[in-house]
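Good morning, and thank you for coming.

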Amino acid sequence: MSVSIILGFVYWSTIVYKTNQTDVDINAEIQELTDIYERKGYPGLVTILSERVQPRPGDSTLYLLADYQFQPLVSNMTGWPRMAVDRKGGWLDFRLGHVQDDNDREFSARARAVLLGNRYNLLIGQGMEDLTTLKALVGRALFWGLLLTIALGIIGGLMMRRTLSSRLGAINQTSRKIMQGDLRRRIATSGTGDEFDELAINLNSMLDQIEHGMEGVRRVSDNIAHDLKTPLARLKNRVEELKFRVAGRNEEELAVDQIIHEADGLLATFNALLRIARIEYSEQRKGFKSVDLNSILYDLQELYEPLIEEKGQTLQVEISQSMEISADRDMLFQAFANLLDNAIKYTPENGAITIRSVKEGVNWYVEIADNGPGIPEEAHEKVVLRFYRLDQSRTTPGSGLGLALVFAVLKLHKLDLSFSDNKPGLRVRVSAKPIEPEEKRKVKLGRI
């Protein structure tokens, strides 16, 4: 657009300059002939015009001296122009019927008419064939220049886009890895010291500070859990000793049992925190072996069937073909056990729970669905955070670490976790990371 404006200005300036130059030449010719008429009268003017109307190579000046009825007296034109456009100052624009180009197009002419002594009409003009040719020449040059500019602009734009896509693609790829939880990853620099390198350096510095802050927070919480676990275990042991002393006294024994129950809950919370910390800090997959997911699901069914029957619930298991993945079996079993335990906990009596495994080519997923109260969609991203609990769940036993542990285990195994509405209830899906644009994914492990 900018080049089009510039070329348009060049075209306009060229034509205006040529037109103004023509006007200057016409005015100079009129002034000279007017002076001759004033000094030498009609005979002198006729003598000069008779000489000038003679054809001369390269001269396109038009002369026409006519009487008061516009009848030609001396002229190199066929007559007074009939289809003339009268402009201010006596300027006329008209067509030259006797002058045509190779395409049989008539050239235009520009002239100025003046009245001499109230008796004669003098018209001096210029054929504009040169201007017409110049317009065509400049127009073609500017047109091809514009096409060349557009072509170079497109080529340059594609090259720039390719360069930008390459640099920004590396930044986006690293950002996705960081969003998936790999806070140790950093954006590579090209060493050119350009703006992208400066951006990468600033982003890396910001990530260093974020990682340092998060590591500090995690370390504090984990240290607290570790330091309090031992005295809490001692406290529980002493309370259990106290239970033998108050045996037979119902009120005291009941109070002691409640203290022991609360201590067990705190110890379970601290153990879960430490286990999550070990999983997050280790980030090691050396001990992984080939594990059949279906065998884990069958073991879960066998383990939890008595509890499900006790609550009057039903468990339906739909297992597809064998699915082998590289994993730590104990960790993965604990993760699926937590998911099934949540489904049992929040599903009402006579409710239904479904475990389903599906394999489609290289893709697979495992779903655990129930018909309980479910989780609001806006809370899907938050339920995997430590200690986060829904308002309706705060009255039930628990610490809000179950899904956080599941999150850490699946993250270590590079698996996705997503939630959806089972209408009614909750549907939890564990799957291998699909190859698809990040923005099209639902609430998954890598985006929380």
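We begin with phenylalanine 70, which is partly exposed at a relative accessible area of 38%; buried means under 20%, exposed over 50%, and partly exposed in between, with a 1.4 Å probe and protein chains only. The model is predicted, so local features need pLDDT of at least 70 and side-chain atom pairs count only at pLDDT 80 or more, while totals for chains, interfaces and linings use all residues. Residues are numbered from 1 along each chain as its sequence is written, and side-chain values use heavy atoms, without hydrogens and water.

Phenylalanine 70 sits in the loop between strand E1 (61–66) and strand E2 (72–75); helices (H or I, at least four residues) and strands (E, at least two) are DSSP runs, numbered from the N terminus. Its phi is positive, near 65°. Asparagine 118, in the loop between strand E5 (106–116) and strand E6 (120–127), also has a positive phi, about 60°. Most residues other than glycine have a negative phi, and most peptide bonds are trans. The bond from lysine 423 to proline 424, however, is cis.

Which residues touch the most other members of the largest nonpolar core? They are Leu293, Leu332 and Phe336, in a core of 43 residues. Such a core is a set of buried Ala, Val, Leu, Ile, Met, Phe, Trp, Tyr and Cys residues joined through side-chain atoms within 4.5 Å. Helix H6 gives the largest share, nine residues. A second, separate core has 19 residues, including Ile30 and Val114.
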